[in-house]
Amino acid sequence: GIEKAEGGQTVAEIFGNKSDLKGKQVTVRGKVVKFNPEIMGKNWIHLQDGTGETGSNDLTVTTDTTAEVGDTVVATGTLSLDKDFGYGYQYDVIVEDAQVTVEN
């Protein structure tokens, strides 16, 4: 399991409290399970921390930081809901413009 970031939330907590957290800064620690660089000018990181069920266990984060699949990172950014970027990029929950720190 991945230890929750100090002052942060788990992936499941973010999904579970998304309406209360909308537009607010959130901090989450997770393992990078997917990394897509330079899409629409941003890097896209998918984080998992072992919490949540299918559909609420993978959190997408946009950032200018790069990371490798398998890295453990702490991400802090603004939580947005129901974002549609076009081109098939549609997210119920997404952390945007995050500051990401690679821990390993």
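**Ground rules**

I number residues from 1 along each chain as its sequence is written, and side-chain values use heavy atoms, with hydrogens and water left out. Because the model is predicted, I take local features only at pLDDT of at least 70 and side-chain atom pairs only at pLDDT 80 or more, while totals for chains, interfaces and linings use all residues.

**Entry 1: the core**

I looked up the largest nonpolar core and found 21 residues in it. By definition such a core is a set of buried Ala, Val, Leu, Ile, Met, Phe, Trp, Tyr and Cys residues joined through side-chain atoms within 4.5 Å. Buried means under 20% relative accessible area, exposed over 50%, and partly exposed in between, with a 1.4 Å probe and protein chains only. The residues with the most contacts inside this core are Ile14, Ile45, Leu47, Leu59, Val61 and Leu79. The elements that give it two or more residues are α1 (11-16), β1 (25-39), β2 (42-48), β3, β4 and β5. Helices (H or I, at least four residues) and strands (E, at least two) are DSSP runs, numbered from the N terminus. As background, nonpolar side chains tend to be buried together in soluble globular proteins.

I listed the contacts of Ile45, taking contact as heavy atoms within 4.5 Å. Residues up to four places away in sequence aside, Ile45 touches Val32, Lys34, Phe35, Leu59, Thr60, Val61, Thr63, Thr65, Ala67 and Val100.

Ala67 is in the loop between β3 and β4. Is Ala67 buried or exposed? I count Ala67 as buried because its relative accessibility is 7%. With neighbours within four places left out, Ala67 contacts Val32, Phe35, Ile45, Val73 and Val102.

Val100 belongs to strand β5 and has a relative accessible area of 11%, so it is buried. Beyond four places in sequence, Val100 touches Ile45, Val61, Thr63, Thr65, Val73, Val74 and Ala75. Val100 and Gly30 are 70 residues apart along the chain, and their C-alpha atoms are separated by 11 Å.

**Entry 2: the largest pocket**

I then checked the largest pocket, which holds about 150 Å³ of space. On a 1 Å grid over the protein atoms alone, a pocket is an open set of points where a 1.4 Å probe fits, with protein on both sides within 12 Å along at least five of seven lines; lining residues have an atom within 4 Å of a point. The volume is the space filled by probe spheres set on the points, which are joined across faces, edges and corners.

Which residues line the largest pocket? I noted Phe15, Lys18, His46, Gly55, Asp58, Leu59, Thr60, Gln90, Tyr91, Asp92 and Val93. Two or more of the lining residues come from each of β3 (59-63) and β5 (90-102), and β5 gives the most, with four residues. The lining divides into four nonpolar, four polar and three charged residues.

**Entry 3: two serines**

Ser80 sits in strand β4 (residues 72-84) and counts as buried because its relative accessibility is 13%. Sequence neighbours up to four places away aside, Ser80 touches Asp92, Val93, Ile94 and Glu96.

Ser56 is in the loop between β2 and β3. Its contacts beyond four places in sequence are Val11, Ala12, Phe15 and Thr51. Ser56 and Pro37 are 19 residues apart in sequence and 23 Å apart in space, C-alpha to C-alpha.

**Entry 4: positive phi**

Most residues other than glycine have a negative phi. I found a positive phi of about 55 degrees at Asp82, a residue of strand β4. Asp82 counts as exposed because its relative accessibility is 63%.

Tyr87, in the loop between β4 and β5, also has a positive phi, near 55 degrees. At 75% relative accessibility, Tyr87 counts as exposed.

Technical notes
Ala, Val, Leu, Ile, Met, Phe, Trp, Tyr, Cys and Pro count as nonpolar, Asp, Glu, Lys and Arg as charged, and the others, Gly among them, as polar.
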